[in-house]
Amino acid sequence: GIPKTIVHFIGGTLFGSYPLQFYKPLLESIAEQSNSIIVATSIPVTLSSNPLNHFAITKEIATNFRNAYRNIIADEYGKSAANKMKIVGLGHSLGSRLHAILSTSEKCKKIGFEREGNIFVSFNNYNAVESVPGVKNLEEGIENTFYGESSDNIKGKNRQRSDAYYDEYEIGISDVVNAVSEGLQEQISSLKTVVTPDWDKKELEFQPTPTQLWDGLTMNYKVVNTLLVQFDKDYIDQSSKLARIIADSGSKEPNEMAQKDTNSTVVKDGMKNEDSKSAKELASNMEIFEPDVKFARLRGTHLTPVSYSDTFIVKAFKRAASIDQILSEAIQEEADYRPKSKSKRKIIKNQDSDNLAKSISKYITDVVQYDKSQH
């Protein structure tokens with residue numbers, strides 16, 4: 001029959017650049033069990049601009065999703081049928097952060113459409129220094145430059161970019177890791193020329209910053225149905241905090257929102273908005289929002305959603321620290337969690353992945369696809 005939902009998937013750092021390579025079994029299970037179409041948009045490996053600008057990345061991903069919807073889904077099933085399909089955001093790790101930005105930015109929502117629900121798996125919202133070690137080195141270089149010292153240590157060598165856009169089935173895992181690593185390292189080395197730093201704080205940060213995104217979720221997140229998935233051995237997960245923020249965002253009446261500090265900073269399309277409107281004026285235009293937040297805690301680690309060969313952990317760990325500190329911790333966490341027996345590793349991995357697919361699919365069918373008018 002005609003699919004009932006469109007699941008827009010965004011993966012994590014490194015893995016999200018090659019979703020078919022690393023998430024195919026999970027996504028196929030969800031599509032089959034929930035009668036959904038999966039649109040997996042990849043995270044660009046290299047960008048012509050600042051790789052810390054998550055708003056720009058989200059905007060590009062939203063555009064790619066819109067193109068897939070119009071050119072493939074609407075063409076295949078017809079506009080009328082496509083318009084009846086409910087859209088669900090599904091993100092893993094960094095992908096969850098990008099979905100949060102998409103759902104709090106008016107510009108991105110217009111491009112990538114409003115969502116009937118969001119499913120955040122292993123959500124985290126750390127700052128750039130905690131996530132990307134190269135940013136810390138760059139900060140030190142900027143500080144030296146600020147005081148007139150040499151900045152040769154942050155210029156980096158001119159590398160030839162790896163061609164990261166090739167068929168996922170014709171590349172090796174080590175090639176994927178190398179391509180992503182080189183792409184991100186090249187961007188970090190060139191950040192000094194493409195980013196205007198805050199000279200008072202002498203720091204570079206994700207756009208939006210973690211604080212801006214938390215504020216944006218509090219003020220602007222209006223997706224009614226949200227499922228948060230956390231794993232019992234995922235020690236870098238921030239789903240509990242996200243659950244509290246989303247729940248609190250719907251617990252305030254408009255006049256309560258007016259009591260908020262009028263100097264608070266909100267995110268609007270990836271930029272700080274020291275809004276000239278008073279909190280009272282903002283509150284008067286807000287509708288009462290009642291979010292439905294559900295929480296699933298499953299067995300597994302930060303990398304449970306990802307499919308990989310046994311050799312991947314060894315190869316990726318050698319590169320991960322230079323790509324992303326959070327990814328490095330996740331890979332170490334996965335290595336510690338895995339039994340020594342290869343057969344046991346496979347059984348546990350498959351069981352944990354199956355449980356995740358079933359939980360997500362059940363949420364889609366029982367909550368997102370549920371038609372209240374017929375009950």
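What share of the contacts in the chain with a separation of 6 or more do residues 24 or more positions apart account for? The share is 83%, where a contact means heavy atoms within 4.5 Å. This is a predicted model, in which local features need pLDDT of at least 70 and side-chain atom pairs count only at pLDDT 80 or more, while totals for chains, interfaces and linings use all residues. Residues are numbered from 1 along each chain as its sequence is written, and side-chain values use heavy atoms, with hydrogens and water left out.

Start with the overall makeup. The chain has 17 helices and 8 strands. These are DSSP runs numbered from the N terminus: helices are H or I with at least four residues, strands are E with at least two. Of the 375 residues, 51% are buried. Buried means under 20% relative accessible area, exposed over 50%, and partly exposed in between, with a 1.4 Å probe and protein chains only.

Next, the interior. In soluble globular proteins, nonpolar side chains tend to be buried together. A nonpolar core here is a set of buried Ala, Val, Leu, Ile, Met, Phe, Trp, Tyr and Cys residues joined through side-chain atoms within 4.5 Å. The largest such core holds 34 residues. Leu90, Ile119, Val229 and Ile360 touch the most other members. Strands S1 (5-10), S3 (86-92), S4 (117-121), S5 (225-231) and S8 (292-298) each give two or more residues to this core. So do helices H2 (24-34), H16 (325-337) and H17 (342-368). H17 gives the most, with 7 residues. Take Ile360: leaving aside residues up to four places away in sequence, Ile360 touches Ile30, Leu90, Ile119, Val121 and Leu227. Another core, of 25 residues, lies apart from the largest one. Its members include Ile57, Ala62, Phe120 and Leu228.

Now follow the chain past S3. Ser93 sits in the loop between S3 and H5. Its phi is near 55°, a positive value in a residue other than glycine. Ser93 counts as buried because its relative accessibility is 8%. Helix H5 itself is mostly covered: 11 of its 11 residues are buried. Among them are Arg97 and His99. The cover over H5 includes S1, helix H3 (54-77), S3, helix H6 (106-112), S4 and H11.

H5 (residues 94-104) and H11 (residues 210-220) pack at about 50°, with their axes 9 Å apart. The axes are lines fitted to C-alpha atoms, for helices over the stretch in contact, and angles run from 0 to 180 degrees between N-to-C directions. H5 is therefore oblique to H11. Angles under 35 degrees count as roughly parallel, over 145 as roughly antiparallel, 65 to 115 as roughly perpendicular, and the rest as oblique. H5 contributes Arg97, Ala100, Ile101, Ser103 and Thr104 to the contact. H11 contributes Pro210, Leu213, Gly216, Leu217 and Asn220.

Two backbone details remain. The peptide bond from Gln207 to Pro208 is cis, with omega near 0°. Pro208 lies in the loop between helix H10 (191-194) and H11. Ser122, in the loop between S4 and helix H7 (128-131), has a positive phi of about 55° although it is not a glycine. With a relative accessible area of 0%, Ser122 is buried.
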